[in-house]
Amino acid sequence: MTMTATPTNFALSDEHNLVRTSVRQMLQRFEPRRDEFREAARREHRFPQELWDGFAEVGLMGCLVPEEYGGNGAGLLALTIGFEEICANGFSPGLLLVTAMDSACLLKNASEDVKERFLPKIADGSLKLCFAITEPDAGTNTFRLKTHAKRDGDRYLLNGQKMFISGVDAADYMLVVARTTTLEELETQGKPKSHGLSLFLVDTKAKGLEKTPINIGLSEELMQFQLFFDDVEVPADCLVGQEDNGTFAMFNSLNPERILAAAICAGMSEAALRKAVDYAKERKVFKDTPIGAYQSIAHPLAEVKIGLEALKLMMYRAAWAFDRDMNPAEVGTYSNMAKFMGADLAIKAVDAAIETHGGMGFVEETGLITAWAGARLLKTAPVSREMILNYVSEWNLGLPRSY
């Protein structure tokens, strides 16, 4: 029997390559100010508006927004490439990550009125969003969250707390995950804890909302906050999706978040690898031989390169699946795997770069020790590697649940 196969082309399209080129050219304008931006992040926890405007200029804000709402509809794969390029050139996407993940959720779940009010402003860069899900007693286990939204006429009253919410001081609105049916009510009704969650767009300047900064000890432009909601009024038309059925809508935000986190890791790994390779080609310790000739230096860097190519394939596949509106559970498999690979690789890449530089790897101006802290953060957030392993064990391997 003769079998014929159609070869698969794994190359990115011309349109996707154009996204990379456009982002790179835009960033070149800010190259002389990169250290200035880092200093502003360190001292003032401030993201440069000029860079945000640059993101809008090249269309990154509009990638997940269809043309009918003022975007370009390029898709998550295009945005993933943009994120990768931003971080590979030593810049940060800032609030672009959470704004993008929220826009993905709005597009797939919001009412037509909400789409028309919010998506055009997201696409042109005039509206910034953040995401509020984590609570003091509900981090890894989202279904334990207790923040409650009670219907009161044409509004909801929001009460509760959120923890580790990024950039709420810079955002205009936040997408808040809250309970519209309490855990006690679910138990009485015999319903699972996954039921009763709802999503709301909340004005970050709303009356009754208190923001308390959390010092996490990282030099970053987005501050972290603990939030307290005390009868915060939310118009009923700011409900995203159906009341009590927010779990699947929520994953329309979480899957893009994990894919874009993987892209950040890929960019960080690329930046660290470039820095290490350049140094290894020039640095000489014994005789007139560059240290890059020594296998103890070269091989760890070669492993990073191999891992980087594998990571790109996985995260591109995840973004491709999202763009094709595949089942969120299937997209979740790819996005979780990409985030897992990315976080481990980013730590490995930065650590190899530090080892290549020796003592200079710990000098602040080199930028590697700061990058290591950021890479280590991504091992835990936005989802820990242990929870990803639990997900794969249960949903992909069919093993018994351990928790």
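A salt bridge here is a side-chain nitrogen of Lys or Arg within 4 Å of a carboxyl oxygen of Asp or Glu. The model is predicted, with local features needing pLDDT of at least 70 and side-chain atom pairs pLDDT 80 or more, while totals for chains, interfaces and linings use all residues. Residues are numbered from 1 along each chain as its sequence is written, and side-chain values use heavy atoms, leaving out hydrogens and water.

**View 1. Arg117 meets Asp237.** The side chains of Arg117 and Asp237 join in a salt bridge, 3.7 Å from N to O. Arg117 sits in helix α6 (residues 112–123) and Asp237 in the loop between β7 (224–235) and β8 (239–240), so the pair ties together parts 120 residues apart in sequence. Helices (H or I, at least four residues) and strands (E, at least two) are DSSP runs, numbered from the N terminus. Arg117 is partly exposed, at 31% relative accessible area, and so is Asp237, at 41%. For these labels, buried means under 20% relative accessible area, exposed over 50%, and partly exposed in between (1.4 Å probe, protein chains only).

**View 2. Glu233 pairs with Arg155.** In this salt bridge the closest N and O atoms are 2.5 Å apart. Glu233 is in strand β7 and Arg155 in strand β3 (residues 155–166), so to speak distant parts of the chain, 78 residues apart. Glu233 is partly exposed at 48%, and Arg155 is partly exposed at 25%.

**View 3. One face of helix α1 is buried.** Take a look at α1 (residues 14–30): its buried residues are His16, Val19, Arg20, Val23, Met26, Leu27 and Phe30. Seen down the axis, they fall within an arc of 135° (taken from the directions from the helix axis to the C-beta atoms), so they line one face of the helix. On the other side, Asp14, Leu18 and Gln28 are exposed. The cover over the buried residues includes α2 (34–44), α3 (49–57), α4 (76–88) and α9 (295–323), where contact means heavy atoms within 4.5 Å.

**View 4. Arg20 holds on to Glu85.** Here the closest N and O atoms of the salt bridge are 3.2 Å apart. Glu85 belongs to helix α4 and Arg20 to helix α1, so the pair ties together parts 65 residues apart in sequence. Both Glu85 and Arg20 are buried. They also belong to a network of salt bridges that links Arg20, Arg24, Glu84, Glu85, Glu270, Arg274 and Lys312.
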